[in-house]
Amino acid sequence: MDYFNYQDDGRLFAEQCAVADVADKFGTPTYVYSRATIERHWHAFNDAAGSHPHLVCYAVKANSNIAVLNVLARLGSGFDIVSGGELLRVIAAGGDPSKIVFSGVGKTVAEINLALDHNIHCFNVESTPELERINDLALSRGVQAPISIRVNPNIDAGTHPYISTGLKENKFGIDIDLAEGVYQVASKMPGIKLIGVDCHIGSQLTELSPFLDAVDKLLLLIDKLSAQGIVLEHLDVGGGLGVPYNGETPPQPAEYVQALKAKLAGRKLALIFEPGRAIMANAGILVSKVEYIKLTEHKNFAIVDAAMNDLIRPALYSAWQAIAPVNKSLERECLNYDVVGPICETGDFLGKNRDLTIAMDDYIVVRSAGAYGSTMSSNYNTRSRPAEVMVDGDVAHLVRRREGLEEIWKDEAILPAE
Ligand SMILES: Cc1ncc(COP(=O)(O)O)c(C=O)c1O
Ligand SMILES: N[C@@H](CCCC[NH3+])C(=O)O
């Protein structure tokens, strides 16, 4: 069931809210999220894991609005974070720190200390120097830090090179061939408690096989370690499950989780999942207004009020996201457009070669925009980042006010007068 549907009269709804009414009320560009969709996607993972010991740790980077985090926290979700900022956001949103895993290659002293202060579930350690730093900091406060090693299994995730993370040449994790040795070293560190193993091979994966290949490699490692008395409690499979943006057919979360559970049959090994995109991408849309229709000899441009600073995925990865009018039944000529924003960059586009029945001042939506949309937005060209709204049934809640223009430079300062 989709919670972003056109009604018979041609108007697009988010749950029971007309998207045009939301845009009239809150202005554009605005991200609109559906609470019911977020909950359904989280449950798809959690329910499929069922009685197998597990933790679904939503990857905060996909969308860190505290309303999103709070909806998930109320379900009992865990969280995958990559910074002290994300840790404090999760706590501000009512998340449980004991269900947090901390990934990322560059954890600072301050961030590790913050995570130790809050007794997080696990550090996903990405290098030996990081391991040593965590050991030192834990020892200095007389505790043991719970850790798993993020292993880089050297597997081609078959996704865009910018979002592939599990190959030897990527900066992430510890080479699978070195991991056993690192576990042995870690097992002798008094400030370290080894509780798991972790991997994350990339994002927007549309096949099961790379995940399963990675798990096979990690299970071999787990068995080798257990023969040496290093017994791990969990296997963190990272995130990465893809979504349909343009006809892709990635495995459903249930199919993916079942396949992983089957791999673990007969083992006492808990599963940790770190889905980001699979929960949020199709739980959000970006609503924008057509400012101008510009017809040239070579191309037609729909110049809209959303831009690459609001949604950078098309510019950054040539990502394709569906674009549609908010009202399909308006009398308009259907033309082929490049949908572009007002930013002074040729790469500022939301979509190219799209057949659209639109006119000046109409609202349009970019679909599948709930993940890596707002979190990757910027103030480039001194533009306010979009407002964010969460729809819950027939009520649309403003969950992030559009920032005022002066707020953008309020922390800047000019030099003293001569
Ligand atoms: C360590 C880690 N976990 C989880 C995720 C979430 O990935 P996705 O949004 O593809 O599920 C990412 C981002 O790719 C990541 O780097
Ligand atoms: N930001 C990327 C995904 C990277 C995932 C971060 N580990 C995207 O929009 O597709």
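Q: A residue is called buried if 20 or more other C-beta atoms lie within 10 Å of its own, exposed if 12 or fewer do, and partly exposed in between, with C-beta atoms placed from the backbone. Is Asn353 buried or exposed?

A: Asn353 is exposed, because 10 other C-beta atoms lie within 10 Å. Please note that this is a predicted model, in which local features need pLDDT of at least 70 and side-chain atom pairs count only at pLDDT 80 or more, while totals for chains, interfaces and linings use all residues. Residues are numbered from 1 along each chain as its sequence is written, and chains are lettered from A and ligands numbered from 1 in the order in which they are written.

Q: Where is Asn353 found?

A: Asn353 belongs to strand 18, residues 349–357. Strands (E, at least two residues) and helices (H or I, at least four) are DSSP runs numbered from the N terminus. The phi of Asn353 is near 55°, a positive value in a residue other than glycine.

Q: And what is the phi of Gln204?

A: For Gln204 phi is near 60°, again a positive value in a residue other than glycine. Gln204 sits in the loop between strand 11 (192–198) and helix 8 (209–227).

Q: Why does Gln204 count as buried?

A: Gln204 counts as buried because it has 24 C-beta neighbours inside 10 Å.

Q: Changing topic, which residues come nearest to ligand 1?

A: There are 15 residues around ligand 1, and Ala59, Ser203, Gly239, Gly276 and Arg277 come nearest. A residue is near a molecule or strand if its C-beta atom, placed from the backbone, lies within 6 Å of it.

Q: How does the shell around ligand 1 divide by class?

A: The shell holds five nonpolar, seven polar and three charged residues. Ala, Val, Leu, Ile, Met, Phe, Trp, Tyr, Cys and Pro count as nonpolar, Asp, Glu, Lys and Arg as charged, and the others, Gly among them, as polar.

Q: What about the domains of the protein chain?

A: Domain 1 covers 4–33 and 281–409, and domain 2 covers 35–277; these bounds come from an automatic or database domain assignment. The contact takes 21 residues from domain 1 and 19 residues from domain 2, where two residues are in contact if their C-beta atoms, placed from the backbone, lie within 7 Å.

Q: Which strand supplies the largest share of the side of domain 1 that touches domain 2?

A: Strand 20 supplies that share, with four residues.
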